[in-house]
Amino acid sequence: MDIYSNRNTLKFIIMIFALLIGGFSVLYTNDLVKRLAEREQKLIDLAAKGYREIATTEFSESQGFLFREIIEANTFVPVILTDEQGNYISHRNFDPPAGLSPKKQQAYFQKRIEEMRSQYEPIPIEFAGLKQYIYYQNSELINQLRYYPIIQLAVIGLFVLMGYLAFSISKNAEQNRVWVGLAKETAHQLGTPISSLIAWAEYLRTKPELDAEGVVAEMDKDIQRLQMITARFSSIGSEQKLKLENVVEVVNTAIAYLRSRLSKKVEITIKSDPEEGEILALINRPLFEWVIENISKNAVDAMAGVGKLSITITELPEGNVQMDISDTGKGIPKNQFRKVFEPGFTTKKRGWGLGLTLAKRILEQYHKGRIFVKSSEPGKGTTFRILLRSRA
Ligand SMILES: Nc1ncnc2c1ncn2[C@@H]1O[C@H](COP(=O)(O)OP(=O)(O)OP(=O)(O)O)[C@@H](O)[C@H]1O
Ligand SMILES: [Mg+2]
């Protein structure tokens, strides 16, 4: 199944598109800013010429016109006019903060002049042996435009994120319904034939002549197995109460049951810390046994039936129980540590890729616990770590 690699390709293509759109938007706005800034610079140049003209020729009608048209046309580029020593004379297109003392105001303009000088060289105006300077800087519009692509990208990003969240939440809700519905239905359907089988076994027990070779005892084992499967499916299909159980005992029982069905060449050890006594954790027994079974089966598969499987159960101080399950199998590549938990991910010919999905689901949703690949080395082995709680 390669729905996952397809999904990753799709994600990659969307990322590339997002980067292209983002990059184009930034470049385009930068070009716009540059052109606007050039235009503003020309305007200031023109204004400077206007000043010079007014200062050097005698006042006339046409000067009044020049003054209005050229200098007052600039309603957006902040400018300060200073004398030769750089002392403030007048300003345009920005408001100094109100209520400043003359001294503070002087300092304020001085700061603005410095700011302007760092952006553009002032334009000198000379007339009648006097010299003045026009300081100016980019208009508010240009500054805003510079930040525009960032704001735009942030808004788009937020939008995409919201869409993605909404989508994945509804997808999860849908998956939940499928899981739960299917599990409930399976448990329900198994119920009738199992009760019937139990009755048949009872009937056979009353007729010793029919039970010559201990068939009924074998049948009972299969019935028990079927009942266990039903218990698992019905547990996953409904909200479950957790019980404090001794997980060392639970793991031992589950493994003892598995051992008879696994290759004899797998050496299984179970250790606990503290060694003596119980280690209690809040679990749903049928479901937790299912987890142990799935992980152990995977381990045995990974070792191709030969190797060591060791389980270490440790009581942690903060009311947590930690369980490490290690094998000496083929290992998992680092880039698949998360992937192995996705439904449908399998490297086996006859695998469904559901074992670990189910384990993760059981631990996270029903036990408020965790499961992850703690470590793995190709060719050497893998350790899965499970965390359980011993307090609600
Ligand atoms: N202990 C392990 N060592 C190496 N690879 C592992 C181990 N456990 C799981 N995997 C990898 O993770 C994949 C997914 O495991 P999962 O149990 O979810 O599905 P599966 O075993 O392939 O199929 P099934 O649904 O029958 O369990 C496996 O196919 C395998 O490649
Ligand atoms: Mg499996």
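First, a definition: two strands pair if DSSP finds at least two bridges between them. Helices (H or I, at least four residues) and strands (E, at least two) are DSSP runs, numbered from the N terminus.

This is a predicted model; local features need pLDDT of at least 70, side-chain atom pairs count only at pLDDT 80 or more, and totals for chains, interfaces and linings use all residues. Residues are numbered from 1 along each chain as its sequence is written, chains are lettered from A and ligands numbered from 1 in written order, and side-chain values use heavy atoms, without hydrogens and water.

Now the sheet. Strand S1, residues 79-83, pairs with S2 in the antiparallel sense over four bridges. Leu81 stands opposite Ser90 in S2.

In what order do the four strands form the open sheet? The order is S2-S1-S4-S3, with antiparallel pairing. At the edges are S2 (88-92) and S3 (123-127), each pairing on one side only.

On to the helices. Which residues of H4 meet H8? They are Asn176, Trp179 and Val180, and they meet Thr357, Leu358, Arg361 and Gln365 in H8. Contact means heavy atoms within 4.5 Å. By class, this contact has three nonpolar, three polar and one charged residues. Ala, Val, Leu, Ile, Met, Phe, Trp, Tyr, Cys and Pro count as nonpolar; Asp, Glu, Lys and Arg as charged; the others, Gly among them, as polar.
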